Amino acid sequence: MHSIRTDLLPYAERLERRDPATIERIVIHATELPDLATAREYGERIHYDTTRTGNSGHFYIDRDGTVERWVPIERIAHHVAGHNATTIGIELVHNGRYPDWLDSRHQAWELAYPDAQIDALSALIRALRAELPGLTDLAGHDQLDRRMVPASNDDAETVRRKLDPGPTFPWQRVVDGGGLPRLSAPPATADEAGGP
């Protein structure tokens with residue numbers, strides 16, 4: 001596996017602490033942004049005035065397989081509403097629906113994930129499994145956040161708020177390579193409102 005470069009977000013130490021033994025699931029995301037620099041700019045934005053923190057994953061994997069840690073695993077990152085306390089968020093740099101995320105005419109995902117990125121993801125999952133014996137499975141952001149929102153081009157239409165990691169994500173390859181099964185059904189959530 002590539003080495004992991006640690007580049008903590010400015011507010012990382014303000015995020016709530018947790019016992020890593022309580023971590024049960026890895027959530028796979030796509031940034032839906034053009035590059036890692038844009039994802040970083042977004043991750044540094046403050047979205048929660050009371051805690052002066054923002055939305056981000058724990059790890060980011062660029063298209064070339066470079067892995068960066070932006071939030072320590074013993075901190076709760078804001079990456080999936082209602083499931084943050086017991087999950088690790090891994091963000092893959094991918095355009096997704098960028099820049100028309102919620103436009104009903106632009107919901108297709110066309111780009112494949114590069115081999116180097118998927119290989120790095122599988123290696124990271126294996127490393128996390130060794131470090132966190134409580135991990136039970138993998139989930140896509142789209143499995144845990146199923147909310148519909150008004151389309152940006154027509155309020156009469158709705159679209160899925162989150163589609164990542166998207167239809168081009170190679171689930172079986174990642175399950176086989178990382179050694180964790182995919183969550184079979186979305187769990188109930190205590191918080192269906194707010195959050196990333």
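**Fold, pocket and backbone features of a predicted model**

Strands β7 (residues 148-151) and β8 (residues 154-160) run antiparallel and are joined by four bridges. The structure is a predicted model, in which local features need pLDDT of at least 70 and side-chain atom pairs count only at pLDDT 80 or more, while totals for chains, interfaces and linings use all residues. Residues are numbered from 1 along each chain as its sequence is written, and side-chain values use heavy atoms, with hydrogens and water left out. Strands are taken as paired if DSSP finds at least two bridges between them.

What radius of gyration does the chain have? The value is 16 Å, which agrees with the figure near 16 Å that a compact globule of 196 residues would have. The radius is taken over C-alpha atoms, and the globule rule is 2.2 Å times the number of residues to the power 0.38. Along the principal axes, the C-alpha atoms fill a box of roughly 45 × 40 × 35 Å.

Of the 196 residues, 49% count as buried, where buried means under 20% relative accessible area, exposed means over 50%, and partly exposed lies in between (1.4 Å probe, protein chains only). Contact is defined as heavy atoms within 4.5 Å. Among contacts between residues at least 6 apart in sequence, 77% join residues at least 24 apart.

The pocket analysis used a 1 Å grid over the protein atoms alone; a pocket is an open set of points where a 1.4 Å probe fits, with protein on both sides within 12 Å along at least five of seven lines, and lining residues have an atom within 4 Å of a point. Grid points are joined across faces, edges and corners, and a volume is the space filled by probe spheres set on the points. On these terms the largest pocket has a volume of about 570 Å³. Its lining comprises 26 residues, and those nearest the centre of the pocket are T31, E32, Y42, W101 and K162. Both β2 (25-30) and α1 (36-44) supply at least two lining residues each, and α1 gives the most, with four residues. Sorted by class, the lining has eight nonpolar, 10 polar and eight charged residues. Here Ala, Val, Leu, Ile, Met, Phe, Trp, Tyr, Cys and Pro count as nonpolar, Asp, Glu, Lys and Arg as charged, and the others, Gly among them, as polar.

Two buried residues illustrate the packing. A39 lies in helix α1 and is buried, with a relative accessible area of 3%. Beyond neighbours within four places in sequence, A39 is in contact with T31, L33, Y60 and W70. The C-alpha atoms of A39 and L92 are separated by 9.9 Å, although these residues are 53 apart along the chain. L138, in strand β6 (residues 137-140), is buried with a relative accessible area of 0%. With neighbours within four places again set aside, the contacts of L138 include I26, I125, W171 and L183. L138 and W171 are 33 residues apart in sequence, and their C-alpha atoms are 9.5 Å apart.

Finally, the backbone holds a few features worth a look. Most residues other than glycine have a negative phi, and most peptide bonds are trans. E32, however, has a positive phi near 55°; this residue sits in the loop between β2 and α1 and is buried, with a relative accessible area of 5%. R52 also shows a positive phi, of about 55°, without being a glycine. R52 belongs to the loop between α1 and β3 (59-61) and is partly exposed, at 44% relative accessible area. A cis peptide bond joins Y98 and P99, with omega about 0°; P99 is in the loop between β5 (87-92) and α2 (115-131). Another cis peptide bond links D164 to P165, with omega about 15°, and P165 is placed in the loop between β8 and α4 (171-178).
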